[in-house]
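User: I would like to learn how to read side-chain contacts and backbone angles in a model. Please take one feature at a time.

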Amino acid sequence: VDGDGDAASSQGSELGSEFDDSEFDEQETENVLFAEFARVRRSKRRWSVLLKHGVLRVNGVECLFSSAAGIFDMPAEAAAPSASSAA
């Protein structure tokens, strides 16, 4: 709002300026999971997660859930080196 009480135009950047976020476009995907993490545990290469209040969309089909659990095993080559081996 300017001094006369009229709505002034935005002083933001113009389209195509250096602040244009078109270079940060994310790849479109049909498969997504949105949920709240209730618990995350890790032991060596196994991750255990407990999710709650989420939406899962796979191939255009949506599924709402109140709770879900998952266990993920990481391959040996993807595991982080232990602190004791960095001597």
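User: Between which residue types does Arg57 meet Glu62, and what is the N to O distance?

Analyst: A salt bridge here is a side-chain nitrogen of Lys or Arg within 4 Å of a carboxyl oxygen of Asp or Glu. Arg57 and Glu62 make such a contact through their side chains, at 3.8 Å from N to O. This is a predicted model, in which local features need pLDDT of at least 70 and side-chain atom pairs count only at pLDDT 80 or more, while totals for chains, interfaces and linings use all residues. Residues are numbered from 1 along each chain as its sequence is written, and side-chain values use heavy atoms, with hydrogens and water left out.

User: Are Arg57 and Glu62 buried or exposed?

Analyst: Buried means under 20% relative accessible area, exposed means over 50%, and partly exposed is in between (1.4 Å probe, protein chains only). Arg57 has 29% and is partly exposed, whereas Glu62, at 53%, is exposed.

User: How many salt bridges does the rule give?

Analyst: The count is three. Another of them joins Asp73 and Arg46, with 2.7 Å from N to O.

User: Which parts does the pair of Asp73 and Arg46 tie together?

Analyst: Strands (E, at least two residues) and helices (H or I, at least four) are DSSP runs, numbered from the N terminus. Asp73 belongs to strand S3 (residues 61-73) and Arg46 to strand S2, so their contact links parts 27 residues apart in sequence. Arg46 is partly exposed, at 41% relative accessible area.

User: What about Lys52 and Glu36?

Analyst: Their closest N and O atoms are 4.0 Å apart, and the two residues form a salt bridge. Lys52 is in strand S2 (residues 46-58) and Glu36 in strand S1 (residues 32-43), so this pair ties together parts 16 residues apart in sequence. Lys52 has 32% relative accessibility and is partly exposed; Glu36, at 39%, is also partly exposed.

User: What is phi of His53, and in which strand is His53 found?

Analyst: His53 is a residue other than glycine, and its phi is positive, near 50°. His53 lies in strand S2. Its relative accessible area is 57%, so His53 counts as exposed.
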